[in-house]
Structure formats: structure tokens, C-alpha cells
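Please keep the sequence and the model at hand while reading.

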2 protein chains.
Amino acid sequence: MKELEPFCLSIREDLLKVEALMQRELQSNVPFVRHVSEYIITNGGKRLRPILVLLSAKIAGYSGDSAIHCAAALEFMHTASLLHDDVVDNADLRRGKSSANAIWGNHVSVLVGDFFYCRACDILVGQKNLSILKKVTDTMVETTEGEVLEIAKSNSMDITEEDYLQIITRKTAILISACCQIGAILGNISEEFALGLGQYGLYLGISFQLADDLLDYMSESEKIGKLKGTDLREGKLTLPLIIALKKATPEESRIIKDALIAKELEERRLKEILSIIQKYDGITYTLNLAKQYVLRAKGELVQFKPSIEKEALTALANFAIERNR
Amino acid sequence: MKELEPFCLSIREDLLKVEALMQRELQSNVPFVRHVSEYIITNGGKRLRPILVLLSAKIAGYSGDSAIHCAAALEFMHTASLLHDDVVDNADLRRGKSSANAIWGNHVSVLVGDFFYCRACDILVGQKNLSILKKVTDTMVETTEGEVLEIAKSNSMDITEEDYLQIITRKTAILISACCQIGAILGNISEEFALGLGQYGLYLGISFQLADDLLDYMSESEKIGKLKGTDLREGKLTLPLIIALKKATPEESRIIKDALIAKELEERRLKEILSIIQKYDGITYTLNLAKQYVLRAKGELVQFKPSIEKEALTALANFAIERNR
């Protein structure tokens, strides 16, 4: 939560309420469920989704308590998908700490993930707003489909830039967009403004994910909380590599292919692949695309009059690509 | 579906509509999602949950289309939990066919399970009935907690009969009870009748699960669609064995413990354990308990006037313990 604090001036109190609510909602009659869920929620995360729900609700003129509940629910939805993702990816680290599946095994991650989903649904049903429920359930169907698309495509050498953008849109950006749209629904603003907030979230989500994928090729373990080259180690092709593959020589393609299927990836190999990416400007290309999406996100905010929330949303868009973790 | 046909005289048309709706709702933009989900739904299952929603709605005097949608959604919820269960249990067979995780891997089962959950939520949200939504989300929280309780307790030698009953109540019976309660909500019947239907479902669910656990020690692979002694092979203690353990000699306990932790379980070992169970009447005890729950289930129906649905619900309760698969 610390990282995004500068963007939270006007919602600091509400964010604390979200944290408290999440703790309360994780109470369970089964002590082990509480134990695992608290480990996961306490181990941080940026709280990007709650922040977006709260800022969007405020910019839409809403000031009730429902935003707090929706914010907590959306963070739970996100947490559930991370838990299941870690099982799918066999990930050992999450946010710099051991992932739940690494500590307790896949079966616990699957079930506690389900617990988070169910709790999220429970909170949302309690808000008695069918438009919000419809938005969230539609979003979750698309997100899940996006994750399946990812496992079906992202380890194929034929994956195109278009495929990749479709995957990150569905598995990441649509949920972030939903957070903003929920704010719009709560504020009951006109279609035009609501669409704008939704598109802002979508572009923000895409730029966040592009930057994440870049960071995977740039940062150190202690910074990002992920092993360097994690995607590659998991056999996943992201944009920097997809761009490089388009122009790579057959020999270079073979090196990349070997790295994708190899069980272990030595530092030497990883560096070789990084240099292929750099040779074909995979990093620069991806960064430029992320910058374009940041501009488009900010463009959607133009129609809103100046406010502290508008400033925060603008700053968040810049942050998407300026952060180093 | 064939097995339960005799109980479906008055809802045959509606059940066909449920099947058609499930097929429609599994349409996905991601062809692989559709492929896997259709495999799973087409591979059968008794459709107990849809049948209970439809019968309960009818006995509660409801005749609209919402029951069909709810029935499909509850079957999806159940399917999702089976998919995740198979990952948790590392099961190779489900309903006599290869389980989804055995064919496509755990990651596919996790995500397609999520897809079923989301689609179920989507269908339910479309019904615009907040009482039903609340009932289902509360139920799913409890079911998930029950599954965690199971992995936390059911491979422990200290598990008591009480623990075991709590586990099967939460992981199985509460969802079955919810199906009946949804019928009651749709029919808008008085608290008294609604409670009766809910309790009927709860007792029915418990007796079904007790009988399932018995069948695991009694039937052949081709009959039940599960390897004989599957629970034991998965390191899971169910009631027949829990009863035996209470009275077993230290030597017998050691044999059972070895079987629980062993990677492979030879036929000879399994037979040895079956004879220990029989020595201490574990089978008879479990069967008698199941019979008691069947009586309690039928007792809850006494307050309803005679009808074809009441007959069907009664027959279903008898079937719970009379079936051989």
C-alpha cells in the first residue's frame, strides 16, 4: 500500500476502512482458512484496485459506504485470481514472499482462492446493486477466459502481438477497468463519463501489465519480488520477446525456444536472451507501447473538471510506467 | 441423468431445458474453454442438484423459468467444486472417465473450474433475486471452508465421527440443501415449509455422502466410476474407517496408518483393511447412520400434502442409500 500512498490523499481514511473490512471479512469458522487468508492479505500488494474503486467513486460524486465494500470485494477477486494463477504457473514467489502454494501446496491455494472468490461475491451481494453484480460477474468470466487463453497461447512460438494484447486485456485490464466502472455506477453518472472512466481503467491496466512484463526483464529479485526472467522460466512469452522473435534469425529463435522449454534456465542463458531482445529493440518497443497507453488513459480524463481525484488518477497513469517494481 | 429418471416424471421437460441452457451458457470466445467445459458437462453426473431445485420449486408452487436458470447455475457450482476437488485430491477418474486434470493438467482444471463458478454467478445475477444470490454465496463460502476442513482433518488419525459429519455437512450437504431452499424462495412459501425443505436437503445430502463413502469400500471400478478404496488411496479417512479406528488394536491402527501414507496401495493391503473395518462393524454402523438420515429427510416432508413432487423427493431419499453407484 505504501507505494501508491502519494495518490491517496483524498481517500486515505476510506482505504483504512477497506483494510479493516478485509480483515473482518476473512474471519472463518475454519482457523486454517483464516490463517492462510491473513498471510496472503497481510503480505501486501499495491491495493491498486481498491484505490481505483474509491477514486472513481469520488470523481463520480459518490460518497457512501458501498465504495468501501466494493473496493474490498474487488481486492478479494484479484487475490483469488493471483492464488489460482500461482498454481497454474507453479510460482514460488509472490510479492517477494513465498507464494501460498509453495508453503501449503496447490490444494490450499485452490481452495483458499475459492474462499476469496466466495467472500467477494458475498460482500457484493450485500450491496444489493444488481448493476455492480452484473459488471463483476461479466468481468470474472472474461478474466478467467483470458487466463485460459494465456495458457493456451503464451507458450506458443506463434503468438502474435495482437494475441498478447488480447491476453493482457482480458486477464488484467478488464478487472482494473471494472473497478473504475463500479465507481461510475455508484456515482450514477452519465454514460459518457462512465465510459470514459472504464476506458481509463482499461488503458491503465494494459500499461501496468506491459510495464510488469518489462520489469521481469529488468529488475532484481529483491526489487520486484519475482525472480528475474520469471516469465521466461515459466515458459511464457511476453511482448519484449514476441517482438524479438519476429525478427530473430533461425539460430536465435532456437535459443529462445530452448529457453522456453528448459526446466532450468541458467543466468548465462538468460543474459543471452536479453541481448537478443535488446538487439531487436524489444524493450524499447514495449516501453513505447506502454507510454502510448498511458497517454490514452490520461486522454479519457480530459472531460472531467480538475479535482484532487483527477490528479490522483493522472499520477497513477504516469506511475504505471515510471515505477521500478 | 438416466439413474434419477424415475424421480423426474413431473419435471422431465424442465430438465431438458436445463441441459440446453447449460450447453448455451458454456459458449465461450475461447474455444479451448468451450471444449473442456463441454467434455465435463457431457460426461454426465446424476444432475441431483438441478432435480432438487426443480422439484422443490414445484412443491413450493412455483412454475416460472427462473427455476431452470437456478438449476443450471447450481449444477455449474457443483461442477466447479468437483474440478477443484480433483486438483486437490489428484484424482485420475471422475464419473468413470479420465478427470479433466488427468487429461489437461491441474492448471486447466483450476481455471475451467473458475469459469464454471463465474458463469454460475452470471446466471444467478441475471435472475435478479437477491435472496437467492445471498443463499448461494453464503453456501459457497461454507462449502469452500468445508473443503479446507477436509484437507486439514481427514488425513489425521485423530479425526472423530463429529469432525467427519461436520466435513460432509459443509462440503456436500449444505449445497444440496441450498438447492431445495432456492425452490422455496422461488415459491415464496412460509418460513415453516421453507425450513422443512432446507432440512430435507441437508439430511439427504448427508445420507448421499455417507452412502458414497460406503460405496468406496464396496463397489467395483466399472460400477462406481472410481477405483475401489479411492478415499484410502488418497489418504482420506471416512466414517467406516473412523469407526474401526476407535476400536482397533495398536497393530491394526498401524496397518491403517501405513495404508494412509503409502504411495501405492496393493489389493492385498486394501483387503486387510476392509477386514478390519468389517471386524468392528464400520460398514454396518455407517449404513445405519445413513438410514437414520434418510428417515429424518423424509420426516421433513410430512408437512407437505401428497403430490407427485413429494413422492419424487421421498423416493430420492430412499435412493440415496439403495443405489449401487
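Predicted model: local features only at pLDDT ≥ 70, side-chain atom pairs only at ≥ 80, totals over all residues.

## Overall shape and numbering

Residues are numbered from 1 along each chain as its sequence is written, and chains are lettered from A and ligands numbered from 1 in the order in which they are written.

The C-alpha trace of chain A spans about 60 × 50 × 30 Å along its principal axes. Chain A holds 16 helices and 2 strands, where helices (H or I, at least four residues) and strands (E, at least two) are DSSP runs numbered from the N terminus.

## Helix pairs

Two packed helices are described by the angle between their axes and the distance between the axes. Here the axes are lines fitted to C-alpha atoms, for helices over the stretch in contact, and angles run from 0 to 180 degrees between N-to-C directions.

| Helix pair | Axes come within | Crossing angle |
|---|---|---|
| helix 9 (residues 191–218) and helix 16 (residues 308–322) of chain A | 8 Å | roughly 25 degrees |
| helix 3 (residues 48–59) and helix 8 (residues 161–187) of chain A | 7 Å | roughly 30 degrees |
| helix 4 (residues 66–89) and helix 7 (residues 130–153) of chain B | 12 Å | roughly 15 degrees |

Helix 9 and helix 16 of chain A are therefore roughly parallel to each other, given that angles under 35 degrees count as roughly parallel, over 145 as roughly antiparallel, 65 to 115 as roughly perpendicular and the rest as oblique. Their crossing is left-handed, a term used if the near helix is turned anticlockwise from the far one by less than a right angle, with right-handed used if clockwise. Among the residues making this contact are A:Tyr200 and A:Phe208 of helix 9 and A:Leu313 and A:Ile321 of helix 16, contact meaning that C-beta atoms, placed from the backbone, lie within 7 Å. By class, this contact has 9 nonpolar, 1 polar and no charged residues; Ala, Val, Leu, Ile, Met, Phe, Trp, Tyr, Cys and Pro count as nonpolar, Asp, Glu, Lys and Arg as charged, and the others, Gly among them, as polar.

Helix 3 of chain A passes helix 8 of chain A in a right-handed crossing, and their contact has 11 nonpolar, 3 polar and 1 charged residues. In chain B, the crossing of helix 4 and helix 7 is likewise right-handed, and that contact has 6 nonpolar, 2 polar and 2 charged residues.

## How the two chains meet

The contact between the chains takes 36 residues from chain A and 36 residues from chain B. Helix 7 of chain A gives the largest share of the side of chain A that touches chain B, 14 residues, and the residues of that side divide into 21 nonpolar, 7 polar and 8 charged.

Two copies of a chain are related by a rotation about an axis and a shift along it. Chain A can be laid on chain B with an RMSD of 0.0 Å by a turn of 180 degrees and a shift of 0.0 Å along the axis, which is the relation of a two-fold axis; the copies are superposed by least squares on the C-alpha atoms of residues with pLDDT of at least 70 in both. A:Val110 comes closest to the rotation axis of the residues of chain A, at 3.5 Å (C-alpha). Because 100% of the interface residues of chain A are also interface residues in chain B, the copies meet through the same surface.

Conventions: Contact = placed C-beta atoms within 7 Å.
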